[in-house]
Amino acid sequence: MGGKSEPAKSESMATTTTSPDLINSSFFSFKSLKLKTKQQELLLRISILGLVYILAFIARLFSVLRYESMIHEFDPYFNYRTTLFLTEKGFYEFWNWFDSESWYPLGRIIGGTLYPGLMVTAALIYWALRFLRFFVHIREVCVLTAPFFASNTTLVAYFFGKEIWDTGAGLVAAVLIAICPGYISRSVAGSYDNEAVAIFALLLTFYLFVKAVNTGSLAWALASAFGYFYMVSAWGGYVFIINLVPLYVLVLLITGRYSMRLYIAYNCMYILGMLLAMQIRFVGFQHVQSGEHMGAMGVFLLMQVFYFLDWVKYQLNDTKLFQTFLRITVTSAIMVGGIALGLGTASGYISPWTGRFYSLLDPTYAKDHIPIIASVSEHQPTAWSSFMFDYHILLFLFPAGLYFCFKRLSDATIFIVMYGLTSLYFAGVMVRLILVATPAVCLISAIAVSATVKNLTSLLRTKQKVSQTGSTKGAGSSKASSKVTLDQSQPFQKNGAIALLVGVFYLLSRYAIHCTWVTSEAYSSPSIVLAARGAHGNRILFDDYREAYYWLRQNTPTDAKIMSWWDYGYQITAMGNRTVIVDNNTWNNTHIATVGRAMSSNEDEAYEIMRSLDVNYVLVVFGGVTGYSSDDINKFLWMVRIGGGVYPVIKEPEYLVNGEFRVDKGASPKMLNCLMYKLCYYRFGELTTEYGKPPGYDRARGVEIGNKDIKLEHLEEAYTTSNWIVRIYRVKPPTNRL
Amino acid sequence: MMNLSRSVALISLFLLPLLSFSFSVDNPTDRRVLVLLDDLSLKSSHSIFFNNLKSRGFDLDFKLADDSKLALQRYGQYLFDGLIIFAPSTERLGGSLDSKSIADFVDSGRDLILSADTSASDLIRGIATECGVDFDEDSSAMVIDHTSFSVSDVDGDHTLIAADDLVKSDVILGKAKIEAPVLFRGVAHSLNPTNNLVFKVLSASPSAYSANPSSKLSSPPQLTGSAISLVSVMQARNNARVVISGSLQLFSDRLIRSGVQKAGSQNQYEKSGNEQFVTELSKWVFHERGHLKAGSLVHHRVGETDEPAIYRIKDDLEFSVEIYEWSGKSWEPYVANDVQVQFYMMSPYVLKTLSADKKGLFHTSFKVPDVYGVFQFKVEYEKLGYTTLSLSKQIPVRPYRHNEYERFIPTAYPYYGACFTTMAGFFVFSFVYLYHK
């Protein structure tokens, strides 16, 4: 037993040895009804994990209970559509799918421009269920994929926590991550997005890699390579792994923690992971050609140099000679690497860093250079309040956990510290990356909670022992930290420990309450059906989006082209089954800019653009009646900016008055006559939206609109939903006699 | 029969308004024509023109323009296929007719001959404006030309123009050349520059101008020279045809019968060109000539017959379309060497001239460009005088599938070699390392 666990790091020896011990001992005491302590612990642990597994799943079902089993938001609709295609047409058709219904007239090669991991996962689950004679609809599978993988993530978190600290930390980590709002925000039922499986894959890869580094086992390294492959297939965030892992290796090399275990783990993981990742069409040769992946390759080469130096040192046995050799080798290796990188970049073989990557490192980059990235709300820098909202007590447990990690520094804790710090930086840069930081924050906080509680309880236990045995020095089993404080003031300490424990449990219960509240109130809205409170506190649902999309589906010709701002592209193709000009896959900035230009031009100019794009219908989202604030008028400045980025005839200041965006009488003439304004406010001047306000009172912006007499020449109103949220206009053919 | 019905279905897409009970797509010539007069005496003074129409089989229905029972449609269906308005001075049309209902009549694909004259009413001007033609605002102005007037002009104010600047189109004015000048006395008009559907059939000479002949010219005339159009035609997007003339006398028996000699010219003609001009023009405007119809666009891969749902880049395809011309009695194969097809995605990637087989079939074959996307086959045929053919058919073009690329390419053989020698070398090395001691 002891021999088996010897390769494990010395610090965690005490904890890792417990599990084989348990299993062995459980065989002997099988007959006796009374379980031994360790068996009890095992039972307790398994039942806790089981409960956490279920908890993680059911906590994410609020959205199904509140609304219905439906796909949420924007991107999930694309994922759902592709999954449907995959299950209907099979994998090869999916792989080669050329979609002529989006990005008209350019089309989109779906198979080559998506991360297929999510769809394939859902399809496999679907096929497995059908094989087992559970005839479910693919939509149900898609809706429940995210909660299912969130449950799996808790298991990985447990094992990860166990690997870096002990089983207690693992259990706490599992519980914390199961209900952490930062993770729930992206994994409620219906949030069928890449992140749903990607966080699982991310954590799994990290866990397997740390395990490989700890054990030096080729098998674990291979497993982590496959974990990495799954991650690459699921989400573009894999770039985080391929940069964090080399960074971690580099830190280990610098701090003199180079070992054969590390060599095996990294080389195997990198080479196999890279080869596997190349099988994903969307990623292709990026691992050897793009700047973002070059760090990993550099570290790989550095590892070889280290290994070579180790070998030379072993052969040489002459310190002075070796020092000289070391200097020459390291210098020449860095020089060769630098020259290769320089040549590769200069010749264009290695692509420079992409804008998205820059915008991660420099939070202000996107705002200045790539409006299309900056225009997405989830790409905004994170506010402090959202950290508080998403992490709650973890926010201050995190530094405490860091303290414990540094106190017991090992390869594994160095990893989790690096993971935590880098991902927290990225979380500060972009709101959506809170998600990536969540597992690290949960794990580190779990260490803090677990270590604290363990210290406190052992303190309490020591007291009991002390009182029982009468010995004054019974603190042998307790931690060194508690030993220091364990002197004269024993009664105070006991009370203090109890008080602290109560405090910890109070905090944790507050955390649980907060998480439940956030999940049910904030993160379970599908955003396709909007909910509001009526005057009497009753719940009102606005189902305008689906109403509009079904109208399109039923009432327009099958080859009709719909122009809308790109946000709604995926939903129109998935629910309306009609061709769109642009959608949420923002691969062609010029095309989006053309639509932005059409929306911000006057009707005549817009008509020319729409004719050239064969547009039949224009769809706008308008919140002036309901007070829905994320409508097209509020997004309008981004259309102007993106359009102006490509077509300089569109100038942002012309739409502003003294730098202020207005829609009332004081708005700029350009604003009052642009297509978007006209389409949103057409016939709105006749409508009284609020008692005591003049007609044409925009509730989303709280002003009376400036242009109430809107005449449309080239377009005509085709459909407006019951709450005016979606308005659809038909583009008229050119006049007969002119 | 199948083919016919299919082509009918397709044509109906762009000639949809034509599909009413009266004149069918298969027989586009107008049959029933309403003639609105402001004076029934015009019936006899313009009898040659009207009799000519009657002899060609038209059913003319003469009405006074202010007849209170006037109606163009009944129960939502038009009673007439064509409309002749010879009522320049009428201020209000009878019944429920107004300029808008005349415009609707044209928009429904029906044809119109509108003739103004000096002191044309606002109503007539309004209808003309709807069709892209603006008459001189001065109601007493006439076209005056001191160089190309007719010598038979007895008044001496040079308002009887002998115009010979005709549009060069066999389709509009027939194959036989109009030798004698056309006599014209009336009001000038100009074309709306933003309207590209209207064009001049009979233009004034560069020396013409529009002014009141009985008063002295106090300011330079607004309309001068070639900007003046005497007779214009407009073919709407739905192929409804409109003739607008500035002279009612142009159609009159008097000018048709009169001899003509252009000032400064030795050629003296027994008879003016008016009869031939108005006859040929009426043939065109009532779709006896220059009317085309096209069958559906047919395309398929070379060696196949069925139309695919999607093409692959670099596919070879064949394209054909049938085009027929209406001869006045039957559909004849259309013969031309200038019909083109575009393979279009935002701009034409392929532009090919179709070769005709004299049986109405236009055909070509080409290779799909190395670009994927949603393309359109487009036939946009706009030839002076002919009906506009505007056909398109959407077809997506996909890139290669994963298994359609070439498997083994010669340039890659060094890499294959390198790959396999590395594998073999690794195997040998491992074997030697493990078992050779």
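User: Helices (H or I, at least four residues) and strands (E, at least two) are DSSP runs, numbered from the N terminus; in which strand, then, does D316(B) lie?

Analyst: D316(B) belongs to strand β22 of chain B, residues 316-326. This is a predicted model, in which local features need pLDDT of at least 70 and side-chain atom pairs count only at pLDDT 80 or more, while totals for chains, interfaces and linings use all residues. Residues are numbered from 1 along each chain as its sequence is written, chains are lettered from A and ligands numbered from 1 in the order in which they are written, and side-chain values use heavy atoms, with hydrogens and water left out.

User: What surrounds D316(B), leaving aside its neighbours within four places in sequence?

Analyst: Contact means heavy atoms within 4.5 Å, and beyond those neighbours D316(B) is in contact with R301(B), V302(B), F366(B) and K367(B). D316(B) and S365(B), 49 residues apart in sequence, are 7.3 Å apart in space, C-alpha to C-alpha.

User: Is T121(A) buried or exposed?

Analyst: Relative accessible area (1.4 Å probe, protein chains only) under 20% means buried, over 50% exposed, and in between partly exposed. T121(A), found in helix α7 (residues 117-131) of chain A, counts as buried because its relative accessibility is 9%, whereas D316(B), at 38%, is partly exposed.

User: With which side chain does the side chain of T121(A) make a polar contact?

Analyst: A polar contact is a pair of N or O atoms within 3.5 Å; within protein, one must be able to donate a hydrogen and the other to accept it, and residues adjacent in sequence count only if both atoms are side-chain atoms. Here the partner is the side chain of Y230(A), at 2.7 Å.

User: How is the interface between chain B and chain A to be read, and what area is buried there?

Analyst: The size of an interface is often given as the accessible area lost when the parts come together. Summed over both parts (1.4 Å probe), the buried area is about 2,100 Å², with carbon and sulfur atoms giving 54%; 26 residues of chain B and 19 residues of chain A take part.

User: How many salt bridges does the rule find across this interface?

Analyst: A salt bridge is a side-chain nitrogen of Lys or Arg within 4 Å of a carboxyl oxygen of Asp or Glu, and the rule finds 3 between chain B and chain A. In one salt bridge, the side chains of R737(A) and E130(B) meet at 2.8 Å, N to O. On the side of chain B that touches chain A, α4 (99-107), β28 (373-381) and β29 (389-398) each supply at least two residues, and β29(B) gives the most, with 4 residues.

Technical notes
Buried area = accessible area lost by both parts, 1.4 Å probe.
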